[in-house]
Amino acid sequence: MAETYTARKVTVDSIETVRLSDPAHGIELSTCPSVGNIAYDMRVNGKPILNSPPSLFEWKKSPSQAGIPFLAPWANRLDTDAYWANGKRYLLSPDAVEIRRDGNGLPIHGLLLFAADWQVMGLEANEQGAQVTSLLDFWKHPEWMAQFPFAHRILMTHRLYGGVLEVSTSIENLALEPMPLVIGFHPWYQIPETPRDRWKIHLPVREHYVLSPKLIPTGETKPVDFPDPTPLAGRQFDDVFGGLAPNAEFALEADGRKISVRFGPKFPIAIVYAPSARDVVCFEPMTGLTNGFNLAHEGIFKNLQSIPPGATWTESFWIRPSGF
C-alpha cells in the first residue's frame, strides 16, 4: 500500500509552518500561518511548482509576494482612497494602517496579504487526504475595521487529496448589513528547469476587460479567443478576463509537465499575469472585477457578490500538477 497522507507542524528558520504531504503523488505543500497563511511552497517529486521565498526567516522580516497569497478585503486596485458599499462612501484611513500601493499610488491587494494573526484551528490526515484549516477574525482588529467596517471572520482550508490541492475559503458576515465581496488569490506558478520561451498556457476565457492606463477596468469588454495552447514566447500578460466556461481549466505546460487550475463558479473573473522579465505565470481567481466596489456603484459592474448578514460564503479553487 502507498504511504498515507500526513499533516504536521514543522519549524523552518525558527518559524512555525504546516506541511501536508501526498506521498502517492509525490506532493508536499507548506503553509505559513504567520505570514498571511500563505501556501509558500508546493513541490512535486521535489520540483517546486510555486515561486517561493528563498529564506523563510528573511521573508518574514521583509515579506514579498510568493506562493499563493490571499487578497482581501479588496483584491487588486481601487481607483482612489475611497470605495462605495451599500450606497455609502467609505474613506480609507492611512493613519490607521499602512496601505499598500501600486506604481501609480493606488491602493492595492487589501489589508491581509502578510497578516500575522491567522490561527491554525485544525490539522488532519487520513486515508482520504491531508488538510489544515486556519482562522482569521477580521473583526477583532480595529485598524482593519477602520478601513473596511464589515465585521467578518475567514476560514481557509488547504487540502491535498488524490494529487490535487484544494484551497477553500469561507467568510462569515458578522455585520448587520450586506458585506460586498471582491477578494481573490494571486498564485505564482512555474515550470522549473524549463526556459519561459518553451512555456505554453491554456486560457478558457471569452471576454477581455479593457483597462485604463492605470489598469482599472473601463467598462468596455471585447471578445477573445486564444489559441489553445498559447505560447508565452514573446508575450506577456497583465489582463482581466471573464466569460469563463463552467469547470474550465487554466493550465501552464512545458516539456510534458503541466499545472492545471480550476476555479469554482463563485470565482467568475480571472486575472492572468505573466511578466516578460520573470519566469512565472499567475492565474488569479477573483470574485469580482478590479475596483469592483466602485464600478458596481457606477453601474458598470453588474455582478458584485455580497454576503447577507449572518450568512457564510464559501468557494474553492483546485491545482493539479502532472508529469513532474
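**Figure 1. The salt bridge of Arg43 in the predicted model.** Arg43 is partly exposed in this predicted model, with a relative accessible area of 33%. Its side chain meets that of Asp41 in a salt bridge, for which the N to O distance is 2.9 Å. Asp41, at a relative accessibility of 11%, counts as buried, because the limit for that class is under 20% relative accessible area.

Figure 2. Strand 3, residues 27–32, and strand 4, residues 38–44, are antiparallel to one another and pair over six bridges. Within this pair of strands, Leu29 stands opposite Met42 of strand 4. Strands of a sheet pair through backbone hydrogen bonds, in either a parallel or an antiparallel sense.

Figure 3. Strand 20, which spans residues 249–254, runs antiparallel to strand 21, which spans residues 257–263, and six bridges join them. Across this pairing, Glu253 stands opposite Lys258, a residue of strand 21.

**Figure 4. Strand 11 and the strands that flank it.** Strand 11 (residues 152–161) pairs with strand 10 (residues 129–137) in the antiparallel sense over eight bridges, and Thr133 has Thr157 of strand 11 as its bridge partner. The pairing of strand 11 with strand 12 (residues 164–173) is likewise antiparallel and extends over ten bridges; among the residues involved, Leu155 has Ser170 of strand 12 as its bridge partner. Strand 11 and strand 12 form a hairpin with two residues between them, and in the turn Gly162 has a positive phi of about 55°. In a regular strand, side chains alternate between the two faces of the sheet.

Figure 5. Arg153 forms a salt bridge with Glu172, and the closest N and O atoms of the two residues are 3.2 Å apart. Arg153 lies in strand 11 and Glu172 in strand 12, so this pair ties together parts that are 19 residues apart in sequence. Both residues are partly exposed, Arg153 with a relative accessible area of 26% and Glu172 with a relative accessible area of 26%. Salt bridges that share partners join Asp137, Lys140, Arg153 and Glu172 into one network.

**Figure 6. The salt bridge between Lys140 and Asp137.** The side chains of Lys140 and Asp137 meet in a salt bridge with an N to O distance of 3.5 Å. Asp137 is buried, with a relative accessible area of 14%, whereas Arg153, another member of the network, is partly exposed at 26%.

Definitions and conventions:
Residues are numbered from 1 along each chain as its sequence is written. This is a predicted model: local features need pLDDT of at least 70, side-chain atom pairs count only at pLDDT 80 or more; totals for chains, interfaces and linings use all residues. Side-chain values use heavy atoms; hydrogens and water are left out. Two strands pair if DSSP finds at least two bridges between them. Helices (H or I, at least four residues) and strands (E, at least two) are DSSP runs, numbered from the N terminus. A salt bridge is a side-chain nitrogen of Lys or Arg within 4 Å of a carboxyl oxygen of Asp or Glu. Buried means under 20% relative accessible area, exposed over 50%, partly exposed in between (1.4 Å probe, protein chains only).
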